[in-house]
Each structure stands twice: as structure tokens, then as C-alpha cells.
Amino acid sequence: MSEVRVGLVIEDDQDIRELVRVVLSQAGFDVHVASTGSAGVTSARELNPDVITLDLGLPDIDGFEVARQIRKSSDAYIIMLTARAEELDTLMGLEAGGDDYLTKPFRPRELRARVEAMMRRPRASSDSKSVPEAVDPEVSHNGLAVSAGSRTAVLNGTELKLTRTEFDLLLALLETGRIVRTKSDLARRLRNEPYDVGSYVSDADERAVEVHMGNLRKKLGDSIQAPRWLETVRGVGYRLAPASSNN
Ligand code: CA
């Protein structure tokens, strides 16, 4: 990966903006900054960044709305930064299109770890070497055609606009089929950790998986009661719904 990776910091607080800028620079990013939501949306469109850190409390546009607007044109990995520890803010941020979140004050090392975990995840590109071995490069299930190589999901001839996190969760279920994946297993998968490593997963991280799964279900138009793809195993996690006979 020799191409330059671009980072965008959307933050109105100058000290935090500088802190995040330094962290991303040290992680090898070409970093741009924006101090308002509208400037951030414009920069995201123009720069096509790989990673965006997004403050929720911006002076002009609400951070949730900024995320929604960015998502119209970008598949950047969005880390929401919130000064408020309320879980609700986190969940709303993820519903608006965020991939991950950090609560201020955060340790620079923590931010760097999140960004680096993300960069180990494959990105939509021709980089087919990064296809996980456990899944076929092209797989079709109940009419949904998924290409792990080009990171696309096509349903009824239309390509779904999935965030990277949604795509990775879908891929995780396709890999293991009818085997149930726990929420903590899936949270570790998003951090690119092996699922038997037993690292700490918080309740909020598990809730985040639920929110991403809910977003994914909406985009698929899938049903909770009669799922074609995402089957909820109550109190445990998720697995791939069975293949339907008429498909
Ligand atoms: Ca702020």
C-alpha cells in the first residue's frame, strides 16, 4: 500500500483538532482539517479521505447531519468523537453513518489503535489479495450477490450503498453461514482481532454491532420475522438465514 492515505479532521475545538491532526500524521496520513460542519462536508467530497474524525458538537451543522451528508458521497471510515458519554449519542452517530466512536477525553494511543485497526480492513478496490480466505471471492445467497474482492453487494440488479462496517459484518456472516456469531465476536472482527483472543468488549461496543446490523437490515430490506440474510439469535448474536428453496 504505497498510495497516500488521506485523513480529514472535522473539529471546532482548536486544541483537539491539533491533537487529532498530529495522531493521524504520525499514523502516516496526509491530514486535512475543517472547523465547521459545512467545510467538513465540502472537504470530504473534494478529498475523498480514507478516514474522517467527526466531532458531534459543531457550531453550524449537527455532527449527525454532517455524517449523513458525508455518507452520500463517501465510504470513508468515520470515527465520531463525542464529548458526551451518553450511549444514545453514540448510537445515533452510528445510525447516521459513523463506523466507530470515541468519547472525549480519549487517549491519543486509543485513537491511533482504532485508525490502524481500520486500515487493516480491506477497502473497496481491486486489492483482491485482501479477500478473507474463509469466504469465496464471489458469493450469492438468496438473491444477494456479494463480491469480497470488489466489496460490492448487489440485490435485484442494484448495488447497495453499504458502509465498510456494514459490509464487513455481512461478510462475517457469509463466512460462517449457520454458525452463530456473538456480538462480541463481531465487535472483535470489526477491530480485526481474532475472535478467540478474548479481548474486552464493552456493552456499548455490542450495542454498536446491533445498530450497524439494524442499518444493514434496513438497506437490505430484510425482515426480522422472516429473514433472508440476517437472522437474529436472541440474546446471543446473529447468523446467516438459511438458503430459501425457491432461490
Ligand atoms: Ca465541538
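Which residues are linked with Asp100 in a network of salt bridges? Select Arg107, Glu110 and Arg114 together with Asp100 to display that network. A salt bridge here is a side-chain nitrogen of Lys or Arg within 4 Å of a carboxyl oxygen of Asp or Glu.

The model is predicted: local features need pLDDT of at least 70, side-chain atom pairs count only at pLDDT 80 or more, and totals for chains, interfaces and linings use all residues. Residues are numbered from 1 along each chain as its sequence is written, and side-chain values use heavy atoms, with hydrogens and water left out.

**Stop 1: the calcium ion**

Select the calcium ion together with Asp12, Asp55 and Gly57. These residues are its protein donors, through OD of Asp12, OD of Asp55 and O of Gly57, at 2.2 to 2.4 Å. Donors are N, O and S atoms within 2.8 Å of the metal (3.2 Å for Na, K and Ca); water is not among the atoms, so sites may look incomplete. Along the chain, the donors follow the spacing D-x42-D-x1-G. Distant parts of the chain are linked here: Asp12 belongs to the loop between β1 (5–10) and α1 (14–26), whereas Asp55 belongs to strand β3 (residues 51–55), 43 residues apart. Helices (H or I, at least four residues) and strands (E, at least two) are DSSP runs, numbered from the N terminus.

Colouring by accessibility separates the two aspartates. Asp12 is partly exposed at 33% relative accessibility, while Asp55 is buried at 3%. The classes are buried (under 20% relative accessible area), exposed (over 50%) and partly exposed in between, with a 1.4 Å probe and protein chains only.

**Stop 2: the largest pocket**

Next, select Asp75, Leu160, Lys161, Leu162 and Thr163, which are the closest to the centre of the largest pocket among its 19 lining residues. The volume of this pocket is about 460 Å³. On a 1 Å grid over the protein atoms alone, a pocket is an open set of points where a 1.4 Å probe fits, with protein on both sides within 12 Å along at least five of seven lines; lining residues have an atom within 4 Å of a point. Grid points are joined across faces, edges and corners, and the volume is the space filled by probe spheres set on the points.

By class, the lining has six nonpolar, four polar and nine charged residues. Nonpolar covers Ala, Val, Leu, Ile, Met, Phe, Trp, Tyr, Cys and Pro, charged covers Asp, Glu, Lys and Arg, and polar covers the others, Gly among them.

**Stop 3: further salt bridges**

The structure holds 18 salt bridges. Select Asp185 and Arg181, whose side chains meet at 2.7 Å, N to O. Asp185 is buried at 8%, and Arg181 is buried at 2%.

Move to Glu210 and Lys183, a salt bridge with its closest N and O atoms 2.8 Å apart. Glu210 lies in helix α8 (residues 203–220) and Lys183 in helix α7 (residues 183–190), so the bridge ties together parts 27 residues apart in sequence. Glu210 is partly exposed at 26%, whereas Lys183 is buried at 16%.

**Stop 4: Met92**

Finally, select Met92 in helix α4 (residues 87–95). Met92 is partly exposed at 33%.
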